[in-house]
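Subject: Structure for you to look at

Hello,

I am passing on the structure we spoke of. Please open it first; my notes follow below.

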Amino acid sequence: MKVIIACDGREPPSFFASLGSLAGMAEAESLVVTICNPVLADFWEAGAGRHWLRRPGARERDTLTQVDQSEGRRIVEEAMATMTGWPEARRRTLVLTGNPERELVKLVMAEEADLIAVGQHGTDLGPRSLG
């Protein structure tokens, strides 16, 4: 079985523990993924009360992308650390950028996944919200 676990960094550790207790998960190949939607960044900044004094140029956008990728790696590594009891050899991580819904569907099709687990704690929107 192949499972894709989409996370945004707000999942409680119990999310991963409950997934691990499902039948067949001990043998499953798992891909932990987080997806950042750069289009939502402007919306999120406005909602958080943050505003650019000027629109970021190419260098600033590159820096923001690098920071975002770094944060994405932190999220998936943190998720992997909570997945105790899961076979390490069958776990992978991935950080994607784009529309979360579309990127998740494309990933599921490309990986031919059997199960998608989407974890989210809270209802507020952010740059990694999955819908």
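Leaving aside residues up to four places away in sequence, Val32 touches Ile5, Cys7, Val76, Ala79, Met80, Met83, Arg92, Thr93 and Leu94. Bear in mind that this is a predicted model.

Val32 belongs to the largest nonpolar core, which has 17 residues. Ile5, Phe16, Val32 and Met83 are the residues with the most contacts inside this core. At least two core residues come from each of β1 (2-7), α1 (13-20) and α3 (58-82). The greatest contribution is that of α3, which gives four residues. Another core lies apart from this one and has 10 residues, including Ile4, Ala6, Leu31 and Val108.

The structure holds one aromatic pair. Its members are Phe15 and Phe16, with ring centres 5.0 Å apart. The planes of the two rings stand at 75°, and because an angle over 60 degrees counts as edge-to-face, the pair is edge-to-face. Phe15 and Phe16 are both buried.

A word on confidence. The mean pLDDT of the protein is 79, and 76% of the residues score at least 70. Which elements have the lowest and the highest mean pLDDT? Helix α2 (residues 38-47) has the lowest, at 60, and helix α4 (residues 100-111) has the highest, at 93. Where pLDDT is low, the predicted coordinates should not be read in detail.

Regards

Conventions:
Residues are numbered from 1 along each chain as its sequence is written. This is a predicted model: local features need pLDDT of at least 70, side-chain atom pairs count only at pLDDT 80 or more; totals for chains, interfaces and linings use all residues. Side-chain values use heavy atoms; hydrogens and water are left out. A nonpolar core is a set of buried Ala, Val, Leu, Ile, Met, Phe, Trp, Tyr and Cys residues joined through side-chain atoms within 4.5 Å. Buried means under 20% relative accessible area, exposed over 50%, partly exposed in between (1.4 Å probe, protein chains only). Contact means heavy atoms within 4.5 Å. pLDDT is the predictor's confidence in each residue, from 0 to 100. Rings of Phe, Tyr and Trp (its six-membered ring) pair if their centres lie within 6.5 Å; planes under 30 degrees apart count as stacked, over 60 as edge-to-face and the rest as tilted.
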